[in-house]
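Me: I have a structure open and would like to go through it piece by piece. Can you take my questions as they come?

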Amino acid sequence: MSDFKKIFQVEGSSGIHNVQFAVVNGELEAHCDCQAGIYRQLCKHVLQCALKDDDVKKVLEEYGNLAVCIEYQEIKEQIEKLQSKSRRLKSKLVKIFQMKK
């Protein structure tokens, strides 16, 4: 799929971001114009588009990378749940030990 190119506009915390996927020299590339994307870091906008769009998922599948994206997202969600639970438990411990913030 050497002619694949798809562009999305997604709303982020700092406004609308442009996310682009393209196959270049036989490799899938993704770019986002958010702060993380400018520094070539994986951002939530790229992952969000990759996992929600059937065309992008198809290309990821063809390149053998869809499972990696799905697993990363699942682990990220588990970490967020654990962090939330950890904060709640810490608040309870503060009360148990009569500590004031």
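Predicted model: local features only at pLDDT ≥ 70, side-chain atom pairs only at ≥ 80, totals over all residues.

Me: Start with the rings. How many aromatic pairs are there?

Reply: The count is 1 aromatic pair. Phenylalanine 8 and phenylalanine 21 make it, with 5.9 Å centre to centre and 85° between the planes, an edge-to-face arrangement.

Me: Where do phenylalanine 8 and phenylalanine 21 sit?

Reply: Phenylalanine 8 is in strand S1 (residues 5-12) and phenylalanine 21 is in strand S2 (residues 15-24), so the pair ties together parts 13 residues apart in sequence.

Me: And is phenylalanine 21 buried or exposed?

Reply: Phenylalanine 21 is buried, at 2% relative accessibility. Phenylalanine 8 is buried too, with a relative accessible area of 16%; the cut-off for buried is under 20%.

Me: OK, cysteines. How many disulfides?

Reply: The count is 0 disulfides. Cysteine 34 is in none, and the nearest cysteine sulfur, that of cysteine 32, is 3.7 Å away. A disulfide here needs the sulfur atoms within 2.5 Å.

Me: Are cysteine 34 and cysteine 49 buried or exposed?

Reply: Cysteine 34 counts as buried at 4% relative accessibility. Cysteine 49 counts as buried as well, at 5%.

Me: What does the side chain of histidine 17 make a polar contact with?

Reply: With the side chain of serine 14, at 3.3 Å.

Me: And which residues is histidine 17 in contact with, leaving aside neighbours within four places in sequence?

Reply: Phe8, Gln9, Val10, Gly12, Cys32, Asp33, Cys34 and His45. Phe8 in that list is the phenylalanine of the edge-to-face pair, and Cys34 is the cysteine with a sulfur 3.7 Å from that of cysteine 32.

Me: His45 puts us in H2, I think. Which residues of H2 are buried?

Reply: His45, Val46, Leu47, Cys49 and Ala50 are buried in H2. The cover over them includes S1, S2, strand S3 (27-32), H3 and helix H4 (66-96).

Me: How do H2 and H3 pack?

Reply: H2 and helix H3 (residues 54-62) pack at an angle of about 90°, with their axes 5 Å apart. That makes H2 roughly perpendicular to H3.

Me: Which residues meet there?

Reply: From H2, Cys49, Ala50, Leu51 and Lys52; from H3, Asp54, Val56, Lys57 and Leu60.

Me: Leucine 51 is in that list. Anything else on leucine 51, say what it is in contact with beyond four places in sequence?

Reply: Leucine 51 is in contact with Lys57, Leu66, Cys69, Ile70 and Gln73. It lies in helix H2 (residues 44-52) and counts as partly exposed, at 21% relative accessibility.

Me: How far is leucine 51 from isoleucine 96?

Reply: They are 42 Å apart in space, C-alpha to C-alpha, and 45 residues apart in sequence.

Me: What lies in the loop between H2 and H3?

Reply: Aspartate 53 lies in that loop. At 14% relative accessibility it counts as buried. Not counting residues up to four places away in sequence, aspartate 53 touches Lys6 and Phe8.

Me: Last topic, backbone. What is phi of asparagine 25?

Reply: Near 50°, a positive value in a residue other than glycine. Most residues other than glycine have a negative phi. Asparagine 25 is in the loop between S2 and S3, and it is exposed, with a relative accessible area of 77%.

Me: And what about phi of arginine 40?

Reply: Arginine 40 is not a glycine either, and its phi is positive at about 60°. It sits in the loop between helix H1 (35-38) and H2. At 58% relative accessibility, arginine 40 counts as exposed.

Conventions:
Residues numbered from 1 in each chain as written. Heavy atoms only, no water. Phe/Tyr/Trp six-rings, centres within 6.5 Å; stacked < 30°, edge-to-face > 60°. Helix = DSSP H or I, 4+ residues; strand = E, 2+ residues; numbered from the N terminus. Buried < 20%, exposed > 50% of the residue type's maximum accessible area, 1.4 Å probe, protein only. Contact = heavy atoms within 4.5 Å. Polar contact = N/O pair within 3.5 Å; in protein donor to acceptor, adjacent residues only side chain to side chain. Axes fitted to C-alpha atoms, helices over the stretch in contact; angles between N-to-C directions. Parallel < 35°, antiparallel > 145°, perpendicular 65-115°, else oblique.
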